[in-house]
Amino acid sequence: MAEDTLIAALEEDARAQASRILIEAREAGEAALAEARAQIERERDKRAQELEARLKGQRAALLNAARTRASGARLGVRLGIIGRLLIEAEKRFSSLPEDEYRHLLNRLFSELKAEWEKERPGESPVVLVNPADTGLLETSLTLKADKGVRAGVVFASTDGTVRFENTVQARLSKGKAVMVPAINKILFDEVFP
């Protein structure tokens, strides 16, 4: 699959970057250590021990910084892939066959209507939907076309000060905290043999 190839290429690129960073850090640490050894020979034993200890600390710091940069680059690639997966999921919901999409839209509408009635009893909302979706909802409430609403519905008070949203994008955003670790584990920790 093209996605698997892309993921593999991105991971390979991240590994290559991490390897280059670690090599450069090792080279820098080794160069610093070689310079220190020349100074150590001219110093007394006590001064030589202090200097070598300090240089080992610098080398460790360089290696740790390189590992941190490499981990950050790898994490950035992973989060980018996961973000694209969530965008693709939203697109796939929007491109469902019309009957399935109608069912999804009416279900999102029903859930939001129940929440609105619980939180704002007796108040009639204005229902905002994408212009392409206005004919798909079965309701006696006032519908208003809104290009900013994608794959779902938004209820608003008549004065526009209160908004309740139930869209695919909002649902994915709410679930992102749970989904991101699960997707990360599936894609990058080889959950499946």
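Visitor: Which element gives the largest share of the lining of the largest pocket?

Guide: In this predicted model, helix H3 gives the largest share, with 6 residues. Helix H3 (98-119) and helix H4 (168-188) are the elements that contribute two or more residues to that lining. The space in the largest pocket comes to about 180 Å³.

Visitor: What makes up the lining of the largest pocket in terms of nonpolar, polar and charged residues?

Guide: The lining divides into 6 nonpolar, 2 polar and 4 charged residues. Among the lining residues are Phe93, Leu96, Glu100, His103, Arg107, Thr167 and Arg171.

Visitor: Why is the pair of Trp116 and Phe164 called edge-to-face?

Guide: Ring centres must lie within 6.5 Å for a pair, and planes over 60 degrees apart count as edge-to-face. The centres of Trp116 and Phe164 are 4.9 Å apart and their planes stand at 65 degrees, so the pair is edge-to-face. The structure holds 3 aromatic pairs.

Visitor: Where in the chain do the partners Trp116 and Phe164 lie?

Guide: Trp116 belongs to helix H3 and Phe164 to strand E4 (residues 163-167). The two are 48 residues apart, and their pair links distant parts of the chain. Both Trp116 and Phe164 are buried. Together with Phe109 and Phe155, they form one aromatic cluster.

Visitor: How do you know that Arg120 lies over the face of Trp116?

Guide: The distance cut-off for a charge over a ring is within 6 Å of the ring centre, and the direction must be within 35 degrees of the ring normal. Arg120 is at 5.5 Å from the ring centre of Trp116 and lies over its face.

Notes
Residues are numbered from 1 along each chain as its sequence is written. This is a predicted model: local features need pLDDT of at least 70, side-chain atom pairs count only at pLDDT 80 or more; totals for chains, interfaces and linings use all residues. Side-chain values use heavy atoms; hydrogens and water are left out. On a 1 Å grid over the protein atoms alone, a cavity is a set of points where a 1.4 Å probe fits but cannot get out, and a pocket is an open set with protein on both sides within 12 Å along at least five of seven lines; lining residues have an atom within 4 Å of a point. Grid points are joined across faces, edges and corners, and a volume is the space filled by probe spheres set on the points. Helices (H or I, at least four residues) and strands (E, at least two) are DSSP runs, numbered from the N terminus. Ala, Val, Leu, Ile, Met, Phe, Trp, Tyr, Cys and Pro count as nonpolar, Asp, Glu, Lys and Arg as charged, and the others, Gly among them, as polar. Rings of Phe, Tyr and Trp (its six-membered ring) pair if their centres lie within 6.5 Å; planes under 30 degrees apart count as stacked, over 60 as edge-to-face and the rest as tilted. Buried means under 20% relative accessible area, exposed over 50%, partly exposed in between (1.4 Å probe, protein chains only).
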